Amino acid sequence: MNEITNLNGPIIGHIPFMDIILYISPFSLALVAVIVAFTIFLALSKPELRSVARFGEDIVRTTTVEKKEARFRRFMTILCGIALTGVVTTGDLFNFALFVSLTGITNMGIFAGVKDTHVLDATFHYGLVLMICSLPLFGGVAMILANTGTLSMGILANIPTNPILNMSRTLLLIGAIGEGALAPFFATKVEMIRAKGAPYINMMHLSSLMVFTRVIEVLLILG
Amino acid sequence: MIGRILNLLAEPRVVPKIFAFAIAVVLVFSLPLPFHLNPEQVYPKPPPQLQIELAKKNVDVSYNLAPYNRGGLPVDPHNRGIVKSQYKSPYEGWITAYLTPFSQWLRDVSYHLGTTIVAHPGGILDEILYYTRGLDTILESSILFTAFTIASWVILNRTRKI
């Protein structure tokens, strides 16, 4: 508990939701506030109308987003917001991994609705990354469980580190990097962000930011 | 040279390969580490081979639920199944012995379908998971359903017929 309070400030309260022990601290409260505000903002906003100019032609086209497509992507955005709220508040390591992978898959869903070949291509390859990195993510959590016998972050905070735990932390970090589309995947992301329908795409940036913040906190708690 | 490498990295189709290679390297380096299991596991279960051997010696016939046999009587607070969990629920271990007729039949037929019995719908996996791991099962299936939603939307709204 010590390290959690060191990192987060005093824990305001627990929400006993079966094993998904959500804990609220000033830190997570701030993150949740950002996520909720951003999700509401995106859910209420309309998709952009983008003008596309072509080389060699004297034409500027205005692209529109179909209503059906916009609705699907809005749904995925809201789902991503819910998953992110879980990511930043959960106090159970396995649930953390589950929420992170839910974030990844909803991120993919936001882009899967786009009818653009290059975007879908990039999304497909990002989906491959998502599948690959579920191995280190859940593998790291499983190694932590096997080595310490617990998944509760409150208890794990008091367990001193050892080589296996460090290894599991590395795997967890690699998994979260893939699922949250952190640093090495900006290349893939840039291709995906060329999709039309701007406001929903921003959810991916928010999820990257939040997963990054939270995974650093989890790694510090484990160490 | 550096520019060429960076351009190569910017291709989306190269990214998964490099990522998989990096994971493989990390996993290879993890092999020589000393790995010890913690004996005080939160979610323990006896070794399945032990249970099957005991069952063959007619020590306890109910062992063909190996390795998930937890004992107890259904919905009886005085005869609970043995369930150890980190997050306590007052109804822990109440229905560890309950099996649907089909599961019961499977159990009577074979010694080797323990996991299947527990995992098939109407088995006892729900009890074990809900009261030891809580809402994990729901969360896991929500990921699955999200994936189904995306896949079905893509298939229903595809622009080009396959």
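Predicted model: local features only at pLDDT ≥ 70, side-chain atom pairs only at ≥ 80, totals over all residues.

Visitor: What does the secondary structure of chain B come to?

Guide: Chain B has seven helices and zero strands. Read from the N terminus, its elements run α-α-α-α-α-α-α. Of the 162 residues in chain B, 34% are buried. Another way to look at the fold is through contacts with a separation of 6 or more: in chain B, 48% of these join residues 24 or more positions apart.

Visitor: Let's turn to the interface. How much area do chain A and chain B bury between them?

Guide: The general idea first: the size of an interface is often given as the accessible area lost when the parts come together. In this case, chain A and chain B bury about 3900 Å², with 77% of it on carbon and sulfur atoms. The contact takes 53 residues from chain A and 42 residues from chain B.

Visitor: Which elements of chain A supply at least two residues each to the side that touches chain B?

Guide: They are strand 2 (20–24), helix 3 (67–89), helix 4 (93–112), helix 5 (117–148), helix 7 (163–179) and helix 8 (186–193) of chain A. Helix 5 of chain A gives the largest share of that side, 13 residues. By residue class, the side of chain A that touches chain B divides into 33 nonpolar, 14 polar and six charged residues.

Visitor: How many salt bridges are counted between chain A and chain B?

Guide: Zero salt bridges are counted between chain A and chain B. As for polar contacts, the rule finds one residue pair across this interface, with both residues at pLDDT 80 or more.

Visitor: How many salt bridges does a search of the whole structure find?

Guide: The general idea is that side chains of opposite charge can pair when their charged atoms come close. Here the search finds two salt bridges over all chains. One is formed by R73(A) with E69(A), whose closest N and O atoms are 3.4 Å apart. Both residues lie in helix 3 of chain A, four residues apart, about one turn of the helix.

Visitor: Why do R73(A) and E69(A) count as buried?

Guide: R73(A) counts as buried because its relative accessibility is 0%, and E69(A) counts as buried because its relative accessibility is 3%. The cut-off for buried is under 20% relative accessible area.

Visitor: Where do R214(A) and E217(A) lie?

Guide: R214(A) and E217(A) are both in helix 9 (residues 198–222) of chain A, three residues apart, about one turn of the helix. Their side chains meet in a salt bridge at 2.9 Å, N to O. Both R214(A) and E217(A) are buried.

Visitor: One last stop: what does T161(A) touch, not counting residues up to four places away in sequence?

Guide: T161(A) touches N166(A), R169(A) and G223(A). With N166(A), there is a polar contact between the two side chains, at 2.9 Å. T161(A) lies in the loop between helix 6 (153–156) and helix 7 of chain A, and T161(A) is partly exposed, with a relative accessible area of 40%. For a view across the sequence, take T161(A) and L222(A): they are 61 residues apart in sequence and 7.3 Å apart in space, C-alpha to C-alpha.

Notes:
Residues numbered from 1 in each chain as written. Chains lettered and ligands numbered in written order. Heavy atoms only, no water. Contact = heavy atoms within 4.5 Å. Buried area = accessible area lost by both parts, 1.4 Å probe. Salt bridge = Lys/Arg side-chain N within 4 Å of Asp/Glu carboxyl O. Polar contact = N/O pair within 3.5 Å; in protein donor to acceptor, adjacent residues only side chain to side chain. Nonpolar A, V, L, I, M, F, W, Y, C, P; charged D, E, K, R; others polar. Buried < 20%, exposed > 50% of the residue type's maximum accessible area, 1.4 Å probe, protein only.
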